[in-house]
Amino acid sequence: MILTEHLTKRFGGLTAVHDLNLDIPQGQCFAFLGPNGAGKTTTIKLLAGLLKPTSGRALVGGHDIQKDPVAARKLIGFVPDMPFLYDKLDPVEFMLFIGQLYGMRRGEVEPAIDELFDVFDLNETRKQIIENLSHGTRQRLVIASALLHEPKVIIIDEPMVGLDPRSARVVKNVLKQRSRAGVTVFLSTHILSIAEELADRIGILNRGKLIATGTIDQLREMSGEVGALEDAFLALTPEEEEEGATREAP
Amino acid sequence: MSAVTFFRLLAEVNARMARRQVLALREKSYLMVSVVTLFVIGYWVVGYWIFRLGFTRLAEVPGLQAILLDRMLYLFFAFLFVMLVFSNIIIGYSTIFKSPETQWMLTLPVRSLDVFRWKLMETALLASWAFLFLSAPLMLAYGATRQVTGWFYMKVFVLFLPFTAIPAALGAIVILVIARYLHRRVFKWALFGIGAVGIACAAVFIKPMEAENFEPPQMVAALQHLMQNSRVTVQPILPSYWLASSMIAWGEGWSGRGAFFFMVLLSNAMMALLVCTVVSRRLFYDGWSRNHSQGRFELGVALLDKPITLPRVGVLEHLVNLWPRLNPATRALVIKDVRVFWRDTSQWSQFAIFFGLIGLYVLNLRSVAQEYKSESWGCFVSFLNLGASSMTLATLTTRFVFPQFSLEGRRLWIVGMVPYGLKRVLLEKFWLSSVCSAGITLALMLTSSWMLQVSSWQTLLFAATVVVMSFALCGIAVGIGALFPYFGSGAIVNCHDDNPARIVSGFGGTFCFVMSLVYVALVIGAEVWPMYSKFASSGVGSPGQPWGVLLSWTLVSLISVAAACIPMSLALKRVDSLEI
């Protein structure tokens, strides 16, 4: 469902993403791990079509995000690290607007909004202006709006930022349910417990290079560590850069 | 999704938000709403009165009313056109390439071309409405002079639509090329360069008329001179020419000629938009992506596509180090404040407009200087100049100094938690802004006084006044800024929290501006009084009765000390107990 082929992005002299090759099938929850500045957000922006790759390509649902962006974006529910909301709308107005932008009819949007508001506990804020909502409520609203059009692919950057434990649990449950229902989830995080809990497969990015992919057990095996994912992660992402090919599980 | 549906949905949402913003005015302070309303009505009434007076005076020149009136329209719209292009470039860069909304829109299932078109419309609206608002009194006065019907104003409004579309398209093309082919840091310098070239061209090409030319014997020659100098504005290739010609024709009742120029304007506007669309199809997405993919600016990469290592100059550090006994923490704060200001593009664009207007003001003084016929007029003009410089200073401090404390915003704890203390942070902001404002206003005052040929003792008096006023107005701005800070709603998705324009538009900003104006009025009033009484007895040009000047200066000093100290001491008390 998500395919990248030799995806590379350079910012001036810095290579933020280097020769990234990924193949994420339908229904898989893929977590992208990496230290700060590893290139996670850049990769997500490349997948969402916000940035043009220096070389290589990214395909979502078989559509090249550069050549056929509209078709690819129809399939994507995108939650960036710094989401945008219209301050002067209320949550219902915002959701109706988003639904219509994705070509949904009003009769389809309203029941979907009710359902998502129940799930994300947003009913009490229905008539409040967005600028008056708390940080966590806004984040829940952003995630709900990304799921409104029943996307086939969810791309989400640091999903738990600003969420309280209850809301974080709700988001994790929703992502798991959607993944089981056949939706591909691509999430980027540096919180290892989230990846441990949600991901079917994990990719570790360091200094723009994908240094390992596989399940948690496979990553442990590659790193030679038997403990928590944290140990495997630290073993695989040394402070000094090491040259070498991606370690991929068979 | 079709472009029409996309635009309709966005228009509906923006209309809903605009309605909500208007309704929210009820919750804002009456002071702010009253001040804004008063300014709007005042501008329209005074503007209409001045233009009407000017047109009536022109009508007194036998046989030349139509020629002069028409030429004035051509000149006005030519300048308006240039200003619109510049305004579209400044606003368009932020709206199209820096706005978080553009980034969000580019993740929607719509064509990037449609995103660009929407942003172009937004830019054109934002860049043009103020000019239309400002030119309305002139239009009304022109219509009244021509004794036109209400239908004329409707047609003029329709004429303005294609007229504003052309600079919008030109501005967008310039921005697209800059974003696609230049590093984003170059934009600031490009803007600065364009502004400097514009002012230099104005200085070279706009020549003041000699006062004696307005005497009846030279009148014909002077008129010929005026017509010759302004002939560039009547080139049939200019959109301003089509607009003015159409207006003049409709004003005189020649419907066919008016419609012809309207069609010329409309067809050219459509062509400009078409070219802009073609260019945007090739450059917008590439430019946007490139604009958000640039690492650290390197001159070599920007120009030669390879890095060049230049020695680090550190001008700012050297300048601050010239003050040897400066506390290291104060030094760090000064460097931080100057650096943040320099790198904030939202501050820069408004700073550029601000200084562009000051430049035009100074250039215009050349012609005023020539018209001294009596010392009373000279005295009047020199005090008007002091008033204009003081108002400039009040605007400068309200717009750029008042938001400084609020701009610390969520970072306030960084400076608040260090042993240095917020009190000294506030004092550092006061001294830094006072010194910078005094430097700018002093330069303006000395230049304008020199151009106006004001006597040296009066220049000295005014220079001292603006320096004192700089400290007082900065005291008002920094003090009220800390007493009424605006830190935004503090949520991650609110992209406006750091916007200085938004901070200024709140209650605190309005209050600061009103207090600054009251202070300016009191100081100028105190200075005018002895000069006026002196002039009434023995004329201007000498200090006259020393006790009057002494009393006036004592009064000015007392008012200024109170204006600086009261808000600053209240603010210092406030920050002492501020919960970070």
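# Briefing on a predicted two-chain model

Helix α22 of chain B, residues 546–576, has 31 residues and reaches 44 Å from its first C-alpha to its last, close to the 45 Å expected at 1.5 Å a residue. The helix belongs to a predicted model, in which chain B has 22 helices and 0 strands, whereas chain A has 9 helices and 11 strands.

**Chain A as a whole**

- The radius of gyration of chain A is 18 Å, close to the 18 Å that the globule rule gives for 250 residues, so chain A is as compact as a globular protein of that length.
- Along its principal axes, the C-alpha trace of chain A spans about 55 × 40 × 35 Å, and buried residues make up 48% of the 250 residues in the chain.
- If one takes the contacts in chain A between residues at least 6 apart in sequence, 67% of them join residues at least 24 apart.

**Chain B as a whole**

- Of the 580 residues of chain B, 33% count as buried, and among contacts in this chain between residues at least 6 apart in sequence, 81% join residues at least 24 apart.

**The contact between the chains**

- Chain B gives 33 residues to the contact, and chain A gives 33 residues.
- On the side of chain B that touches chain A, the elements that give two or more residues are α1 (3–24), α4 (100–105) and α10 (255–291) of chain B, and the largest share, 6 residues, comes from α1(B).
- The residues on this side of chain B divide into 16 nonpolar, 10 polar and 7 charged.

**Helix α9 of chain A**

- In helix α9 of chain A, residues 229–236, the buried residues are A:L229, A:A232, A:F233 and A:L236.
- Seen down the axis of α9(A), these buried residues fall within an arc of 100°, so they line one face of the helix.
- An α-helix has 3.6 residues a turn, so residues three or four places apart point the same way.
- The cover over the buried residues of α9(A) includes the strands β3 (29–33), β9 (201–206) and β10 (209–214), together with the helices α7 (192–198) and α8 (216–223), of chain A.

**Nonpolar cores**

- The largest nonpolar core has 137 residues, and those that touch the most other members are A:A31, A:L47, A:V60, A:A144, A:V153, A:I155 and A:F186.
- Although these residues are in chain A, the largest share of this core, 15 residues, comes from helix α3 of chain B, residues 65–98.
- Leaving aside its neighbours within four places in sequence, A:A31 is in contact with A:L187, A:T189, A:A195, A:L198, A:A199 and A:I202.
- Another core, of 48 residues, lies apart from the largest one, and among its residues are B:V468, B:V504, B:F511 and B:V523.

**A buried and an exposed residue**

- A:I76 lies in strand β6 of chain A, residues 76–79, and is buried because 26 other C-beta atoms lie within 10 Å, where 20 or more are required.
- Leaving aside its neighbours within four places in sequence, A:I76 is in contact with A:A48, A:V60, A:P151, A:V153 and A:I155, of which A:V60, A:V153 and A:I155 are also among the residues that touch the most other members of the largest core.
- A:I76 and A:H149 are 73 residues apart in sequence and 9.0 Å apart in space, C-alpha to C-alpha.
- B:W342, in helix α13 of chain B, residues 328–343, counts as exposed because it has 11 C-beta neighbours inside 10 Å, and the cut-off for an exposed residue is 12 or fewer.
- The C-alpha atoms of B:W342 and B:F484, which are 142 residues apart along the chain, are separated by 25 Å.

- A:D19, which is not a glycine, has a positive phi of about 50°; A:D19 lies in strand β2 of chain A, residues 14–24, and is partly exposed, with 17 other C-beta atoms within 10 Å.
- A:E150 has a phi near 50°, likewise a positive value in a residue other than glycine.
- The place of A:E150 is in the loop between α5 (135–147) and β7 (153–157) of chain A, and with 14 other C-beta atoms within 10 Å this residue is partly exposed.

Conventions: Residues numbered from 1 in each chain as written. Chains lettered and ligands numbered in written order. Predicted model: local features only at pLDDT ≥ 70, side-chain atom pairs only at ≥ 80, totals over all residues. Contact = placed C-beta atoms within 7 Å. Helix = DSSP H or I, 4+ residues; strand = E, 2+ residues; numbered from the N terminus. Nonpolar A, V, L, I, M, F, W, Y, C, P; charged D, E, K, R; others polar. Arc of directions from axis to C-beta. Expected span 1.5 Å × (residues − 1). Rg over C-alpha atoms; globule rule 2.2 N^0.38 Å. Core = buried A, V, L, I, M, F, W, Y, C linked by C-beta atoms within 7 Å.
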